[in-house]
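The structure is shown first.

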Amino acid sequence: MVDFLIGQDQIDLHFSKCDVKGDPREPVVRLGPLGWSCIGHPDRRTIAKEIETNLAYTLFCRPRVFDEINDSLKRFWEIETLGTQKSKPCIMTVEEKIDFEKVNQSLVHAGERYQEAVSWKSDCPTLPNNIEMACSRLKNTEKRLLRQPIVGQEYNQIILSYLDKGYIHKIKETDKEPPIVWYLPHFPVCRPERMTTKTRIVFDASAKFQGTSLNEELYAGPKLQNGLFDVLLRFNRFPVAVACDVSKMHLQIRILIEDRSKFRYLLRNLEVLRKPDIYEFERVVLGDASAPFRAQYVSQENARIYQKEFRHASTTVCKSTYMDDSLDSVRDN
């Protein structure tokens with residue numbers, strides 16, 4: 001691979017300060033203004049062949065320490081200029097622009113929280129009724145919970161807390177079924193080493209039925225999340241650290257009423273001999289492919305709306321937040 005070519009217009013760079021010769025037909029090592037170079041082919045076994053084809057080689061020998069210095073300086077200037085340069089605009093694909101505009105136009109402040117549309121790829125998603133698959137997955141989850149009674153109790157407590165906080169509601173048998181419904185399989189993820197929330201419920205929006213899944217009908221949306229490196233640099237600016245997070249970030253955002261029937265799931269509190277109850281989400285579900293974008297959009301848009309009133313908090317949300325965790329620093333208390 002050629003690193004650079006020195007033309008005859010730079011004749012001073014061809015000057016040789018010292019030549020070191022070997023045996024006949026072996027390469028010549030030459031010290032020039034730019035450092036050491038090797039002319040010829042270093043492999044003696046192919047010298048005759050190379051001469052026959054009239055090929056010549058010039059190898060520039062750059063000391064490794066120069067590479068290390070160059071990389072260190074480059075990294076230094078990248079860090080030094082971070083924050084002084086204007087941020088690059090988010091370059092979106094056509095699909096991402098469509099999704100962004102849809103969420104932007106649908107966003108409203110409904111009561112105590114925001115409400116937005118789900119990022120469907122089409123106005124009428126092609127989702128078959130997958131209750132058969134959801135029932136099968138529910139049985140597998142119940143078998144695991146019955147083997148782990150403590151996990152089963154925590155599982156039910158989480159569902160009860162969802163009901164109390166209005167994240168979900170129970171569907172009545174007398175309720176009319178919408179034209180399109182989709183049931184989310186779910187299962188527990190256990191983290192016994194954690195001090196709090198040792199059991200978490202995962203809703204599987206990627207589960208397929210009849211060749212499709214909920215996530216395949218959704219736009220993922222553009223990436224609005226800050227880079228972790230940028231967040232950590234801002235965190236190290238000043239001596240006093242500030243850290244916080246948004247509790248149940250996705251579940252703080254409402255979805256439109258007409259979208260909720262696609263975010264149902266089955267549960268029967270381990271009473272395996274009866275018909276499962278049907279629950280429906282009213283909030284954004286973590287596991288939905290578009291959830292990270294929609295949550296970030298709402299968080300940043302809310303910060304921009306209240307920028308004048310809460311200037312420092314707004315800056316922290318927009319520049320010092322990674323996922324749902326904010327890490328910032330201030331000069332003093």
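Helices (H or I, at least four residues) and strands (E, at least two) are DSSP runs, numbered from the N terminus. In that numbering, leucine 270 belongs to the loop between β14 and β15. The model is a predicted one.

**Positive phi**

Most residues other than glycine have a negative phi. Leucine 270 has a positive phi, near 65°. Lysine 248 also has a positive phi, near 50°, and is found in the loop between β12 (240-245) and β13 (254-255).

Buried means under 20% relative accessible area and exposed over 50%, with partly exposed in between.

**Nonpolar cores**

The largest nonpolar core has 42 residues, and the members that touch the most others are Leu214, Phe263 and Phe281. At least two residues of this core come from each of α4 (131-147), α5 (149-165), β9 (199-203), β14 (264-267), β15 (277-281) and α7 (291-305). A separate core of seven residues lies apart from it, with Leu138, Tyr183, Leu266 and Ile278 among its members.

What does phenylalanine 263 touch, not counting residues up to four places away in sequence? Its contacts are Val118, Trp120, Trp182, Leu184, Leu214, Ile255, Tyr279, Glu280, Phe281, Val285 and Asp288.

**Threonine 141**

Threonine 141 sits in helix α4. Its relative accessibility is 5%, so the residue counts as buried. Leaving aside neighbours within four places in sequence, threonine 141 contacts Tyr155, His186, Phe187 and Pro188.

**Helices α3 and α7**

Helix α3 (residues 94-106) packs with α7 at an angle of about 50°, and the two axes are 11 Å apart. Because of that angle, α3 is oblique to α7. Their crossing is right-handed. On the α3 side the contact is made by Asp99, Phe100, Val103 and Asn104, and on the α7 side by Phe293, Arg294 and Tyr297. By class, four of the residues in this contact are nonpolar, one is polar and two are charged.

Notes:
Residues are numbered from 1 along each chain as its sequence is written. This is a predicted model: local features need pLDDT of at least 70, side-chain atom pairs count only at pLDDT 80 or more; totals for chains, interfaces and linings use all residues. Side-chain values use heavy atoms; hydrogens and water are left out. A nonpolar core is a set of buried Ala, Val, Leu, Ile, Met, Phe, Trp, Tyr and Cys residues joined through side-chain atoms within 4.5 Å. Buried means under 20% relative accessible area, exposed over 50%, partly exposed in between (1.4 Å probe, protein chains only). Contact means heavy atoms within 4.5 Å. Axes are lines fitted to C-alpha atoms, for helices over the stretch in contact, and angles run from 0 to 180 degrees between N-to-C directions. Angles under 35 degrees count as roughly parallel, over 145 as roughly antiparallel, 65 to 115 as roughly perpendicular and the rest as oblique. A crossing is left-handed if the near helix is turned anticlockwise from the far one by less than a right angle, and right-handed if clockwise. Ala, Val, Leu, Ile, Met, Phe, Trp, Tyr, Cys and Pro count as nonpolar, Asp, Glu, Lys and Arg as charged, and the others, Gly among them, as polar.
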